[in-house]
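Here are a few notes to read with the model open beside you.

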Amino acid sequence: MKKGLRIVGRSVARAEALAKATGRARYTSDFKRGDMLVAKALWAKYPHALIKSIDTSAAEQLAGVAAVMTAKDLPGRNGYGIMVPDKPVIADGKTRYEGDPVALVAAVTEEIATKALELIKVEYEVLTAYDDPREAMKDDAVLIHPNHPAADKGNLLTVVKLDRGDVEKAFREADIVIENYYETPMVEHCYLEPDICIAEPDDLTGGLHLICAQQAVYATKRCLAPVFNLPHHKVRVSSPIVGGGFGGKEDSSLDVAAVAGVLALKTKKTVCFELTREEVFRTTGKRHATYIKHRMAATKEGKITAVDVETVLNKGAYTSMGGLREPAHAVTMRTAAYAAGVYAVASAKARSYSVFTNTPYSCAFRGFGVPQAIFAVECQIDELARRLNMDPIELRRKNILRDGDHTIYGQVMKESRGLGLEECMDKVRDSIGWDKPLAQSAGPVKRGRGFAVFMYGTGIPLLFEGASCFAVLNNDATLNVNIASTEMGQGVMTVMAQMAAEALGLNYEDVLVSFSDTGRAPDSGPTVGSRSTVMVGNAVLDACRQLKDRLLAFAAKPFKADPRDLAIEGGKIFVVGKPETAESLAALIAKAYASQVPLAATGVWYPPQPSFRAEDGQGEPMHAYAFGAHAIEISVDTETGVITVDRSVFACDVGKAINPAAVEGQMEGGAAQGIGWGVMEEQVMENGVMQNAAFHNYMIPTIKDLPDLESIIVEHPNELGPFGSKGIGEPPIIPAAPAIRNAVWDALGIKMNAIPLTARTVLAEIQKNGKA
Amino acid sequence: MKETLYFGPKTLAEALALLDKYRDKAVIVNGGTDIVEKLAHRAVDPEAIVYIQGIPELKTIKEEAGFVSIGGTATYKDVLASPLCGKFAGLIQSVREIGSAPIRVVGTPAGNIGTAVPAADCNVALMALGARIVLAKLGGERVVETKDMFVAYCKTQLEPGELIKEIRIPVTDAGTASAFAKLAKRKAQDIAQVSASVRLTAEGGVCKDIAIALGAVGPTAVRVPSLEKALVGKSIDACLAEVKKAVPPELRLRNPRNKQYKEAVVGVLIGRVLKAAYEELAGGGK
């Protein structure tokens, strides 16, 4: 690890903190203007239906209505999607979920637009709507996408296959087999800022500017240019700071931008389309619900020898983050790849089925399917420990992947990329006092303790990996860094500025990071997959290295020194060991510009080329992993079923914490979201209609539902990461839910395999087991 | 589009005159935490809005003639700050459970009664405390017991032209205590799955008088006379044993999704509030 870091590794204040804390930071909705048209969508009345006729004539005649559009009025392709363009801008002949727009309206006020929607008459022929992929994949199920390239497989979109070793032999020879069926719910991201796009036609260029809260400005441009029938270079996409995304605003931003964009082109006016909270619940993407049959074989000494796992994923109505061509199906692929979790297992078979239904489309959500897969594995190993009467942490220690081991998909683990799991386990074990039994009281409350671990590969290889940026040194020795990544609260502005300042010898305050605008920066890749610190960070370092090399080469002559003996620090340049030689960096930059030294650079970085064979799911898709261990203590009120999380101790190996406070923020936020997933969050669907589309019946944890969230940072550096870092955005959500489930078993002696563990389900189990 | 008239009367008399004029075409906005959302979504579309928070005479909390009376526009925050209301532990416990601090700054007990959702925390406590509700209209007043106020889901005895002027809670002596508790899906800012409140008079470890009210177990908050009658004259220990597994016939649960759960916990919850009230008495009360 580098010694003597000045800025990296310090919890410097967030670049945007003051503006946010004072309420002055401008989000997309703060860019609304009085002269804009307001867009509204007429959503599908029936989640699965044929559209027999649409009559928009009365709506068109309403005063103040600028445009009414149906599928026949679109300027370009009526289909888009991150991987496959199968989601229509406006439903054409068929609806597949309650978030399909059937018609669009733009009007001078929201009130008029709403009134216009009421005047549109639609006739439907209602079809069976599917909530459960296990129903939708039956042979006699109604086809949701009759004309889809995947329609020959019925409602099954894709199957990811993974095969390694001789699984049958391993199960035949196993001393012990653990077999269970697990269920995890569909959940909403619950970002604070509802989706919004302001679309401005650009009369100067004939193009379109989409101002839209999102996670991937270049993906939006690529996916929507054909919808607008515009060449890519005339579609400018920018995103002000974003009020949370969690993976959702990779897709939902396309939904709102497509609508605002086609209406702006039609009316030749600026159009704003903003979802209400209810619309966010009903229409935007969700976490895939999963149904996992998990078999695990082991020896009586506690060595796991094989896993055999079948996962059914609820794909919802559209492909979203997934592809036809396996394994370019990020979430489905990961449910297979992580089927053995963090463990070295010689033989494995995994099949993951992604199935269309009539629920909202399932998309990226913090962890890309890894939380679901790890939930099952971490419950399985806990049961193995019980059956073998072994300490669950020691059993895990026997099985974790170590230097040189292969994952079940064939990736070789490397100490040089940072393997800090065991240190995380030990730190959590010590901190929570694992070896001391929990104090129990005489009343109805029973206490329990649970443990879970995870690993998570940094980035989204096989999809859109790699990153670019621009960097420009100014005459006053300040630096502009332009990246296309999104600032959504994770702190990308801050950590990029820290790394650039460190690399170039500038002060932190002297670096300004501009973000998420295709008009200002090259593609940094989407802000997803816990990838920005590593991928974009490396690109920023590449640009800074180029600038520094050019400056030092230029300075060699006036300093009469070898460039390798020169250093820049705090706005000065000097010969190392001779502070008296120091000169102002600004003066040197001015001279460099005058001498035709270019001080603008494009930084680029790509990880090692990934591989993953579709036939057997073998390859080397990842370059580095973050790890973590989580111990949770709970109380269960056995008379009411209410679970209280009393303590949460969480350690993560992040390689290098560029900004420790930001890392702790990710860990605390992930733990909170993971606890919510474990005990209360659930999107309830009935025949394609969401039953709890508001925050008064869709529960997320408040601060009173959370204990003090204890975070421990562990640093095992990644040789390929900037300053040794690995991605830590998503993974903290992963282990809380299985740790809670394992704690409930510890407290009650009852095994529960379906989350969320609500009071109702817990009390029903207590009564069933006669433990009340 | 139709215009909605807005009135902000400064006196009760003005308000009553407006309500008399617009009758069922008027909507009363008090704290507004419920009705404003309905107005915004046009779930209600009145001819006139009568905003009553600007009426100072309805804002007071006072004690007179054996009652603590809470004015119709007093907020939850006013209740929490009032030493007079502090005498009723059940009331304070229920108000602390309502919404969030910002909601308690604007929301009102009278508004809670007017909205009449069956899970409303404060209404359940008021019902157990035997509170009376004073309804005023142009030229007259009438007094209704809280237990008789709610006639159907979100429907009260309040008639067009009427306004909740005040809520009167009978003052009790040192032998009586109250308590409230609720079960919800999370620990704050949530609607009750089941709520329970009691007012208990006990002497020598024996229940002399008890009122039990439940929320979220049917279309309205309800009193539970079946249990109340059964418990009077019994030792507190016997009462606790009796209520724990009770599923009183006053429950009117229909949704199969939560019926079993609510039936399983309602007795537990009654037991807990009964125990809390008794412990307050045994601990010397206030």
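This is a predicted model: local features need pLDDT of at least 70, side-chain atom pairs count only at pLDDT 80 or more; totals for chains, interfaces and linings use all residues.

1. Residues are numbered from 1 along each chain as its sequence is written, chains are lettered from A and ligands numbered from 1 in the order in which they are written, and side-chain values use heavy atoms, with hydrogens and water left out.

2. Have a look at helix 7 of chain A, residues 252-267. Of its 16 residues, 14 are buried, so helix 7 is largely enclosed by the rest of the structure (buried means under 20% relative accessible area, with a 1.4 Å probe and protein chains only). After helix 7 of chain A comes A:Lys268, with a positive phi near 60°.

3. Chain B splits into domain 1 (5-51), domain 2 (56-170) and domain 3 (176-282); the bounds come from an automatic or database domain assignment. The C-alpha centres of domains 1 and 2 of chain B are 18 Å apart.

4. Domains 1 and 2 of chain B bury about 1300 Å² between them, 69% of it on carbon and sulfur atoms (accessible area, 1.4 Å probe, lost on putting the two parts together and summed over both). On the domain 1 side, B:Leu12, B:Leu16 and B:Asn30 lose the most area, together 40% of what that side buries.

5. Between domains 1 and 2 of chain B, the salt bridge count is zero (Lys or Arg side-chain nitrogen within 4 Å of an Asp or Glu carboxyl oxygen).

How values were computed. Helices (H or I, at least four residues) and strands (E, at least two) are DSSP runs, numbered from the N terminus. The expected span of a helix is 1.5 Å times one less than its number of residues. Buried means under 20% relative accessible area, exposed over 50%, partly exposed in between (1.4 Å probe, protein chains only).
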